Number of protein chains: 2
Amino acid sequence: MSAPEQARATLLDVAERAGVSRSTASLAFSGAGPVSEATRERVMAAASDLGYGGPDPRARSLRQGRSGVVGIVFDESLLNAFRDPVNVQTLDGIAEGLGLDSNGLLLLTETGAVGTGIQSAAIDAAVLMGCTPVFDRVVDSLGRRGVPIVSIEGGARDGVVDVGLDNAAASETLARHLHDLGHRSVGVVTLGTDVSRTIGLITPEREAGITAAVTADRLEGVRRVFPDAVAYSAGFNLVDDGVRAGRELFAAADAAVAAALPDSPASDAAGGEGATTVLAAHPTAIIAQSDLLAVGVLQVAAERGLRVPDDLSVTGFDGVRIDGLAGVDLTTMRQPAAEKGRAAGLAVTELLAGRPVASAHFECEFHIGDTTGAASTAR
Amino acid sequence: MSAPEQARATLLDVAERAGVSRSTASLAFSGAGPVSEATRERVMAAASDLGYGGPDPRARSLRQGRSGVVGIVFDESLLNAFRDPVNVQTLDGIAEGLGLDSNGLLLLTETGAVGTGIQSAAIDAAVLMGCTPVFDRVVDSLGRRGVPIVSIEGGARDGVVDVGLDNAAASETLARHLHDLGHRSVGVVTLGTDVSRTIGLITPEREAGITAAVTADRLEGVRRVFPDAVAYSAGFNLVDDGVRAGRELFAAADAAVAAALPDSPASDAAGGEGATTVLAAHPTAIIAQSDLLAVGVLQVAAERGLRVPDDLSVTGFDGVRIDGLAGVDLTTMRQPAAEKGRAAGLAVTELLAGRPVASAHFECEFHIGDTTGAASTAR
DNA sequence: CGTTTCGATCGAATCGATTCGACCTCAGAG
DNA sequence: CTCTGAGGTCGAATCGATTCGATCGAAACG
């Protein structure tokens, strides 16, 4: 109201009106340096008169060489990124880890398109969420600008601090648990394998080309125990995609069993060893690479009238509290997502302070719920 | 590698190495203005030699007077904000509405704390998600700086473009639907009422002091049809909070019914009119102010052995696709959350272009699912 | 052959602050 | 009375680009 649309007041205007120099006015606002109380009040009064809203962040960030903004880079649309509770928890942890040093988190997406945003965003540091080869370009570009980078589950990369889990080991623990319970025929429902997020059976060729480190590592952990387990990839980390993958996995088993029966009259073939065993029998356990996918598998089990864990054991991963599914106690590996975020936030703080930071790895906690049990021998 | 840790190259360095002036080098990078192909290549080669990663966004934004960043302001922690699918959809819509003009969305939270971030963030415009009085300060502060503001469901505010729904009318539609089905005793499960998000019964005094516009408007819509409906407030928009509020609501009804029986031996008192009717009888319908809360209520119904919609009708609001609950077809008002976001994004674009923008209101679509039916007379 | 025109390039001003070193003044110590 | 020191203030340099108006050369035109 007081300043309709004429040129906005600058710190110089304020200083002149208060009868002091620019530098003194600046000190009055920033609080750095000694300024007498009387002067400060005069400056503030002048600012108020002129409708001055404080120093321009753009100018300040140019002079200071930092903006206080940390970029969060996703490799998928925000819509999908935020559907995954782990991402949300991690983000919250990052915000906490950065504390009050930060002026906010800048959401950026690098989906493979041109992505002008990431080039021209005034960020002091970047956190890469997830890991696809798409990020190589981002790492290059930011590295050239001297922007420190922290990746979450991004795997080892040159000049990048990584925060993650030992996914393979954690996954192996789950697999071994099932093996100990007597399971021999297991299926795996995996997360997306690459940028395309193709849904469907993971053939050996496809498995070799998995670019998503988390997916690859968790699958590798399973392979150490069940080298021949059939794996189906879900597209996104969603319950519904888990349902879809679960249905397909069982349908494939149905077909394989049906095909095996007439061909080999000797039913003991189903008890033999080798890849055919896995393919030609219904799985007694499903290892899902996330809790959301596991919940989808549980729904498929219900559809097919399979009792869990009597007829089918199911494991998840993440240990997220799934809103609205309080009743289910899933056997899973609980990962400290918020802590990972916090660690990433702290790492950013350290890097910005010029201190060196090492990559950090977190432990998962093995939680045995009531979705796993002894393999049924009656099948 | 090529530039270890010596002073980072600037555009001037690049220009000198390429044998051109600063201005020409700038034009070569920005693409504005005519530059010969040979010169451009020479500049790019020099940049590459020096490990120059493009113009500094800070300097650019100072000179141009804009950063390309749009602030998204929440009144709660990011963790809670992103648990609400409506927020996520809206955010995605905003990103889409802004298109390629934007360099990213800056997440800011104003929870009532000092919030230095919002003051010193270089944003061109701001979108306020939700609406609490806390935002008054934000509006002031940003307005003084000349930053355009768009609010989502923020209600009318001076100098702020608002994008929202006619929540009262939409809510009234649901209530009338239930009334038409013969329901007379209904309960309401509401969203948070204010910053404190206190869970529990909404007394008349408390109802008068609701500061969350969405909650107040939706409740008002119900009141037009059921003036005496009992309302319980859930804290956050979560299934689990819906479960909790639903349980309390039914427990309160249990108590009221038990208290009414011995006192008034004439059981026809339960069929009379007035506030006591509502309080002294179990509700035959529950109006939840969101789908997530409605799902919680459905779970409570299952707990108590109530069949839906035979024994109890339930309505929601939002029309979100709830991951993992594909089977339920909720009666609800579907709101175009993504469209709202898109409209907000477009509004920001227009405002930044200096064009005037009017507040916009969107229509909800009434969806009758299978969770509402005729009121049971047998109770 | 002189003039116009247009494309390419350059110089200098500008964006709005922060910050360093210099300077001044006044109080207290010697 | 003088010297010292510290608090308070100021001037000027600086951050790294964008952009406007001027300049210059060559091609096109009459």
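This is a predicted model: local features need pLDDT of at least 70, side-chain atom pairs count only at pLDDT 80 or more; totals for chains, interfaces and linings use all residues.
A helix axis here is a line fitted to C-alpha atoms over the stretch in contact, and the angle between two axes runs from 0 to 180 degrees between N-to-C directions.

**A helix pair in chain B**

The pair is helix H9 (residues 167–180) of chain B and helix H11 (residues 213–223) of chain B. Their axes come within 7 Å and cross at roughly 40 degrees. H9(B) and H11(B) are therefore oblique to each other. H9(B) passes H11(B) in a right-handed crossing. On the H9(B) side, the residues that meet H11(B) include B:Asn167, B:Ala168, B:Glu172 and B:Ala175. On the H11(B) side, they include B:Val214, B:Asp217, B:Arg218 and B:Val222. By class, this contact has six nonpolar, three polar and four charged residues.

**Where the chains meet**

Now the contact between chains. Here 49 residues of chain B are in contact with 48 residues of chain A. Several elements of chain B give two or more residues to the side that touches chain A, among them H4, helix H6 (85–98), strand E2 (105–109) and helix H12 (239–263). The largest share, six residues, comes from H4(B). This side of chain B has 21 nonpolar, 19 polar and nine charged residues.

Strands also link the two chains. Strand E2 (residues 105–109) of chain A and E2(B) pair in the antiparallel sense over three bridges. Within this pairing, A:Leu105 stands opposite B:Leu107 in E2(B).

**The two DNA strands**

Around DNA strand C there are 29 residues. Those that come nearest are A:Thr10, A:Ser23, A:Ser26, B:Ser23 and B:Pro34. Helix H1 (11–18), H2 and H4 of chain A each supply at least two residues of this surface, as do H2 and H4 of chain B. H2(A) gives the largest share, six residues.

DNA strand D is surrounded by 28 residues. The closest are A:Ser23, B:Thr10, B:Leu11, B:Ser23 and B:Ser26. Two or more residues come from each of helix H2 (22–30) and helix H4 (57–64) of chain A, and from each of helix H2 (22–30) and helix H4 (57–64) of chain B. Here the largest share, six residues, comes from H2(B).

How values were computed:
Residues are numbered from 1 along each chain as its sequence is written. Chains are lettered from A and ligands numbered from 1 in the order in which they are written. A residue is near a molecule or strand if its C-beta atom, placed from the backbone, lies within 6 Å of it. Helices (H or I, at least four residues) and strands (E, at least two) are DSSP runs, numbered from the N terminus. Two residues are in contact if their C-beta atoms, placed from the backbone, lie within 7 Å. Ala, Val, Leu, Ile, Met, Phe, Trp, Tyr, Cys and Pro count as nonpolar, Asp, Glu, Lys and Arg as charged, and the others, Gly among them, as polar. Two strands pair if DSSP finds at least two bridges between them. Angles under 35 degrees count as roughly parallel, over 145 as roughly antiparallel, 65 to 115 as roughly perpendicular and the rest as oblique. A crossing is left-handed if the near helix is turned anticlockwise from the far one by less than a right angle, and right-handed if clockwise.
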